[in-house]
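Colleague: I am new to this model and would like a close look at a single part before anything else. Please start there, and then go on to other places that deserve attention.

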Amino acid sequence: MRKRTLKLVQAAAVVWAGWDVALAQPVAEPAAPALYTTHCAACHGAQRTGAMGPALLPESLERLRPAEARKVIAQGRPATQMAGFAATLSAAEIDALAAWVYQPVNPAPAWSEADIRASREETPGAAKLPAKPVWRADPMNLFVVVEGGDHHVSLVDGDRFELIHRFASRYALHGGPKFTPDGRYVYFGSRDGWITKYDLWNLTVVAEVRAGLNMRNIAVSGDGRWVMAANYLPKTVALFDADLKLVKTIAAQTLDGKQASRVSAVYDAAPRKSFVVAMKDIPEVWEISYDPKAEPIHDGLVHDYKMGEAIATPGFQNPRRTVLDEPLDDFFFDQGYRHVLGATRPKADGQGASAQVVNLDIRRKVADLPIAGMPHLGSGITFAWNGTTVLASPNLKGGAIDVIDMKTWKPVKTIPTPGPGFFMRSHEATPYAWADSMMSPTAKDTLTLIDKATLSPVATIREPGRTLAHIEFTKDGRYALASVWELDGALVVYDAKTLKEVKRLPMSKPVGKYNVWNKITRSEGTSH
């Protein structure tokens with residue numbers, strides 16, 4: 001009996017020891033790379049650079065919160081080919097995948113000029129389609145609405161406020177679409193590098209090309225002949241002709257090639273016949289002329305022997321550099337396109353100017369803008385006030401609109417708003433500037449109307465509990481259109497005089513809307 005009891009005790013000890021070992025050993029983490037290869041690579045590419053699905057790179061996912069990424073992996077995306085994996089993968093596996101796609105790819109993926117050219121596709125016969133709309137509406141009062149919720153674009157008649165057409169877009173269109181001078185074609189840029197040329201009159205894609213792996217925005221020249229893309233990855237600007245055939249890429253780096261940079265933004269300066277480019281990581285602004293008669297470029301001192309007696313670079317389609325003390329983020333032009341006004345990222349100690357003015361003619365900074373917080377100058381507007389022209393800019397951190405005299409570069413007034421906002425818009429035919437507070441957790445549902453004569457808030461419009469943002473006006477300025485910025489959102493039309501709601505069109509997170517006439521005429525109340 002004693003021997004049997006001893007054996008049972010010994011056996012139990014062995015079992016308990018096994019459990020102790022099992023409990024002491026860490027549970028193996030799910031192998032995210034293997035999971036990705038099995039379940040994701042076919043659509044998103046072996047290096048996560050995108051294929052049928054979008055790129056899954058940290059640079060491409062900046063605006064997608066990790067919690068939302070987990071939700072997409074588990075539940076999929078409505079109206080897309082992204083299926084949910086909740087029934088296939090465990091919660092731990094989904095968490096591992098969601099965390100892994102936010103890690104950099106090592107080595108960093110490359111995207112060469114050969115890759116760009118190989119990516120280009122065009123729709124057969126699209127270039128020969130008739131030069132008139134197949135729909136009945138004023139083509140100059142057309143609204144192009146980007147719906148970020150399910151990655152579609154809607155075309156809306158700006159007179160009757162009725163839907164003309166709706167079509168699928170590339171993933172995560174970023175920055176405003178750009179139009180040709182006649183309003184027929186629009187170019188879209190996606191965060192994962194695709195440029196799409198779309199014929200608004202014939203409702204068809206004309207051509208597509210992938211300019212990079214992570215792209216900030218695009219610009220179209222004032223004459224409609226050139227398209228330029230600003231890339232984060234690779235660190236380049238890419239120049240195309242109007243048919244999206246690559247002309248050249250230019251490495252975003254210092255003149256000596258020792259430091260490279262992501263590209264913050266590119267915009268067209270039509271009166272100057274040039275593109276203006278800001279760099280994220282180096283203190284330079286570039287002006288790239290598309291005028292064949294552009295003056296030659298002399299980098300360095302004229303009699304600097306290191307420059308070979310300053311042998312000139314052709315001024316056509318090459319960068320003319322303005323060297324600054326601090327890098328310039330997203331920026332804005334004055335009405336004469338002589339000055340660039342851009343935000344400067346705050347220093348670690350919080351000191352220093354938050355914005356600066358750069359004169360493109362003399363190629364140097366001429367003023368600091370005394371704006372607190374984090375001004376969003378890319379969404380600023382200009383208008384006449386008391387015999388001068390002022391800039392009004394929303395602020396991403398402060399609940400205020402800053403007004404600056406554009407002759408003296410001195411502050412005129414700081415206008416309080418319910419919370420920090422992202423967009424500000426107006427129109428020549430309306431006395432009001434409209435500003436959102438979409439960055440505020442408590443006031444994101446409020447639009448503030450500011451009298452442009454008195455620089456004072458005069459009214460508010462609310463969409464209780466929702467996010468109300470991004471205004472655009474009809475061609476004549478009679479109506480203002482706002483976005484209810486939710487998946488089950490809407491395009492809301494207001495009478496710009498009475499401020500009464502006129503109509504509401506259901507849409508899936510309409511992140512932006514763009515009126516053809518206001519864009520091609522460079523209205524003072526909209527972004528360019």
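Modeller: Start with helix α2, whose buried residues pack against α3 (41-44) and α5 (91-100). The model is predicted, and what follows describes that model. Helix α2 covers residues 32-39, and its buried residues are Ala32, Leu35 and Tyr36. Looking down the axis of α2, these residues fall within an arc of 100°, so they line one face of the helix. The face of α2 turned away from that buried side holds the exposed residues Thr37 and Thr38.

Pro107 sits in the loop between α5 and α6 (113-119), and the bond that joins Asn106 to Pro107 is cis, with omega about 0°. A cis bond also joins Leu233 and Pro234, with omega about -5°. Pro234 is in the loop between β10 and β11. Most peptide bonds are trans.

Strands β10 and β11 bring us to the core. The largest nonpolar core has 25 residues, and those that touch the most other members are Tyr187, Ile195, Ala211, Val227, Ala229, Phe240 and Leu244. Two or more of its residues come from each of β6 (185-189), β8 (204-210), β9 (214-220), β10 (226-233) and β11 (236-241). Take Ala229 as an example: leaving out residues up to four places away in sequence, Ala229 touches Ile195, Ala211, Met215, Asn217, Ile218, Thr236, Val237, Ala238, Phe240 and Val266.

Next come the aromatic rings, which form 13 pairs in the structure. In one of the pairs, Phe161 and Tyr479 have ring centres 5.2 Å apart and planes at 80°, so this pair is edge-to-face. The two residues come from distant parts of the chain, 318 residues apart: Phe161 is in the loop between β3 (152-157) and β4 (163-168), and Tyr479 is in strand β30 (residues 479-484). Phe161 and Tyr479 are both buried.

Phe423 and Trp485 also pair, but stacked, with 5.9 Å from centre to centre and 25° between the planes. Phe423 belongs to the loop between β24 (411-416) and β25 (424-425), and Trp485 to the loop between β30 and β31 (489-495), so the pair ties together parts that are 62 residues apart in sequence. Phe423 is buried, at 11% relative accessible area. Trp485, at 16% relative accessibility, counts as buried because the cut-off for buried is under 20%.

Arg170 lies over the face of Trp194, 3.8 Å from the ring centre. Arg262 lies over the face of Tyr232, at 5.1 Å from the ring centre.

One aromatic cluster is made of Tyr267, Phe331, Phe333 and Tyr337. Most residues other than glycine have a negative phi. Tyr337 is in the loop between β17 (331-333) and β18 (339-343), and it is buried, with a relative accessible area of 3%.

Trp409 also has a positive phi, about 60°, although it is not a glycine. Its place is the loop between β23 (400-405) and β24, and Trp409 is buried, with a relative accessible area of 10%.

Technical notes:
Residues numbered from 1 in each chain as written. Predicted model: local features only at pLDDT ≥ 70, side-chain atom pairs only at ≥ 80, totals over all residues. Heavy atoms only, no water. Core = buried A, V, L, I, M, F, W, Y, C linked by side-chain atoms within 4.5 Å. Buried < 20%, exposed > 50% of the residue type's maximum accessible area, 1.4 Å probe, protein only. Helix = DSSP H or I, 4+ residues; strand = E, 2+ residues; numbered from the N terminus. Contact = heavy atoms within 4.5 Å. Arc of directions from axis to C-beta. Phe/Tyr/Trp six-rings, centres within 6.5 Å; stacked < 30°, edge-to-face > 60°. Lys NZ or Arg CZ within 6 Å of the ring centre and 35° of its normal.
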